[in-house]
Amino acid sequence: MDPEVTLLAQTAGTTLVMLMATDVWQRVRDGVTQLWRRTQPERADTVAAELEAGREDVLAAVAAGDQETLDELTLQWQGSVRQLLVARPAAAGELRALLDRLDPDGSAVRRITQRATASGQGRVYQAGRDQHIAER
């Protein structure tokens with residue numbers, strides 16, 4: 001698969017899921033539905049229903065701090081967008097324009113959640129030196 005298509009699908013899936021929980025939700029829903037209506041009209045109603053259901057799942061996951069569900073939804077939308085782009089490569093330009101309108105500064109894609117677990121032991125790497133640290 002074309003790496004550019006893969007990257008665009010990843011960006012779009014991440015952006016859609018992150019924006020589902022924001023005040024631009026209706027613009028997201030309308031823009032994505034219109035994109036599908038123009039490129040794959042037979043799937044547009046299904047995609048609109050998936051967006052609605054996905055938003056409810058995103059809101060519940062955000063409220064519960066459920067990153068796993070958010071990751072799964074992101075992968076789902078990345079796959080849907082990838083399928084669209086493979087079937088209709090000309091949709092890439094329209095999708096990029098939509099993403100630029102919905103998330104002009106790219107902040108949705110830059111949101112990264114970090115998780116850490118304290119084990120009582122770890123390694124610290126500094127200027128090429130490896131030190132073992134044990135909790136006391």
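A residue is called buried when its relative accessible area is under 20%, exposed when it is over 50%, and partly exposed in between, with a 1.4 Å probe and protein chains only. By that criterion, 35% of the 136 residues of the protein are buried. The model is predicted: local features need pLDDT of at least 70, side-chain atom pairs count only at pLDDT 80 or more, and totals for chains, interfaces and linings use all residues. Residues are numbered from 1 along each chain as its sequence is written, and side-chain values use heavy atoms, with hydrogens and water left out.

The protein has six helices and two strands, in the order α-α-α-α-α-α-β-β from the N terminus. These are DSSP runs, with helices being H or I of at least four residues and strands E of at least two, numbered from the N terminus.

Leaving aside residues up to four places away in sequence, Val32 touches Leu16, Val47, Leu51 and Leu98, where contact means heavy atoms within 4.5 Å.

Confidence is given as pLDDT, the predictor's score for each residue from 0 to 100. The average is 85, and 79% of the residues score at least 70. Residues 112-119 fall below 50 and have three contacts beyond near neighbours in sequence.
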